[in-house]
Amino acid sequence: MSAIPVRRARIGANDTRLQAQMRRFTAVSGMTLLAVAVVSIFLMPLVFMIATSFKDRSQLTAPGAPLYPAAPETFEWQGAEYPVYDVPGPDGVVRAWALVEPHREDSIFIDPADPEAGPITWEGRWRTLQQHWGFALNVENFTNAWETIDFPRLFVNTFAIAGLSTVAAVASAICVAYGFSRFRFPGRNGLFIVMLATIILPFQVTLIPTYAVFLAFGWVGTWWPLIIPHAFSNAYNVFLLRQYFLTIPRELDEAAMIDGAGPFRILRSVIVPQAIPAIVAVTLFHFFWAWNEYFLPLVYLQSEPDLQPLSVGLARFNALYSQEPTLIQAAAIMAMALPVVVFFLAQRAFMRGVVFGGVEK
Amino acid sequence: MASTPGTTSGRVAAVPLAPPGLWTRLRSPESLTGLAFVAPFLIGFVVFSALPMLASLALSFTDFDPRRPAEIQFIGLDNYARMLRDPILLESLWVTVRFAVMVVPLTLAFALAVAMLVNSTLLAGRNVFRTLFYMPMQIPIVASTVVWIGVLNASNGWLNYGLEAIGIPGPNWLNSAVWVGPALALMGLWGIGNMMLIFLAGLQSVPTELYDAAKVDGAGPWARFRNVTVPMISPVLFYNLIIALIATFQYFTQAYVISNGRGDPDRATLFFNLNLYREAFTFFDMGYASALAWLLFVIVLGLTILLFRSAGSWVYEGGER
């Protein structure tokens, strides 16, 4: 630090600027490297998931197997298949040689890289050697998991439940948010606060009577309990939409009103088109909330495997096939594919929505 | 909640001079239209919140079993008396509280650290990092739990490989009553997305002049964090704290999936909510489960009130509100 003024005096201001740039460059690369390191560890389970899903089950317990998907290599020589081993040479270099003729104390190998050189005799016990693994993708896990958990059915179920509940939730939230943001009626602010208070109401408090009523209706074991309640709006969605509606100038409503538009017409032709970003955010949030939901589908669809969504199906699969981690990881990939892809496509809408809904409170 | 600016101007002239009665105001066309639009909320609130709440309070004084609804009997405070001598309930409360004490500070600290990292002007590609840190939020919880079960596997999970590589023998995470809590806490770090974004918004609203002034006064990085950042973001810290505490008392899916709903090992994952689920939907003791739900409600409400009471002493409410 103390050297800088001296140098500036000798060489001039250009060099100091360069030094400042260098310092900034070092700081930026240091910080970015730190972030790369943290995010790599943070997302390591995903790498584990992908690697495991492409492995053969035997690789998981095999000693000396690599972390990436691989299979023991073999080498075909003179019409026969021979296993390839990692053979340490006298010079300390480990070579991948095919074991042609195993003996107890010395064995005959062939070098797959140079089969013309002929058989090589290696002194040592071949049983102490480890198999040589080569990169190999096992895609059968995906086809097996796909069929075992009946993925198409689970996918369609999840899509139907999440889709129907999202339509109900978004349509009702738009109406309620419009009512709260554009009309004056006695008790409006009080009602709005009551609505926000329902956020901290634990759902367990209403769970059992609701279950009992749905049971009396004969709706336990159907999708209705997972859809109908959403048609009555939800505090988060209404809050987010109302805040957005309040930013739309009222002059637009009034202009439409002068042109003879009724409240529904104003909602449809003025408010909704103006509020598309907020509506998209609410739609995405709700859809994937419903896509991920586990507790209520478990409660209402426990005895109906044919109607269950992915979350319940995957948990059931995990319990049944706990000895098949490769299948489970493949199934996990299939269950998360759609939400994760859509998130990357629409990450701005998601992330802005969180902040908008969270901080404004 | 702030009153809505701009909603009254220009309409005042239409209102009669004498304040009209409630009934008149309620029946005005504007009021009726507004009420019609908020009707879904009003109906939903009554049908799916208010009435079920009262009903579950009523059920908590009965021995309601949905398989024999006709044989329901009023049993007074028996369910509440049973709570006091239910060792499994006490255990589930202890599991939940112990977990909250560990996981809430851990996730808050990690989320704040990540938010500061991705807010740093020294970081290249900040949006990419924000997206990547948020992303696990978007993975269905059952799927992410299943992934973590694999990572935490004692013999072939990568976490123990990593620990072995640096010379630490990894524990049998999911089958040890001691380590399953920390294992679930580690899993919880994948859920920092929302918290991180809310912290980030908080950090971005801190005026840079404050940092400049602190620097002039000779404050180092820690002093600036402690005396500028923390007080300025205390409202979002408070918000995240409340959300995290409520979420911990609702903790269910991860615990259910790792133990297949049994609370293994040794009831170390029998969280309050899992215990409630078992009472209600495994043993169909819905009267008792209703009482448990009300206990949960009272605890959550009490915690929230306590936090709001304490907020005055540590949450900085900017001057403009």
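Guide: A:Asp150 sits in the loop that joins α5 (140-148) to α6 (151-182) of chain A, where helices (H or I, at least four residues) and strands (E, at least two) are DSSP runs numbered from the N terminus. This is a predicted model, in which local features need pLDDT of at least 70, side-chain atom pairs count only at pLDDT 80 or more, and totals for chains, interfaces and linings use all residues. Residues are numbered from 1 along each chain as its sequence is written, while chains are lettered from A and ligands numbered from 1 in the order in which they are written.

Visitor: Is A:Asp150 buried, exposed or partly exposed?

Guide: A residue is buried if 20 or more other C-beta atoms, placed from the backbone, lie within 10 Å of its own, exposed if 12 or fewer, and partly exposed in between. Because A:Asp150 has 16 other C-beta atoms within 10 Å, its class is partly exposed.

Visitor: Which helix of chain B gives the most to the side that touches chain A?

Guide: The contact takes 78 residues from chain B and 82 residues from chain A, with two residues counted as in contact if their C-beta atoms, placed from the backbone, lie within 7 Å. On the side of chain B that touches chain A, the most residues, 19, come from helix α2 (residues 29-59).

Visitor: What is the omega of the peptide bond from B:Asp264 to B:Pro265?

Guide: B:Pro265 lies in the loop between α13 (253-259) and α14 (272-282) of chain B. The bond from B:Asp264 to B:Pro265 is cis, and its omega is near -10°.
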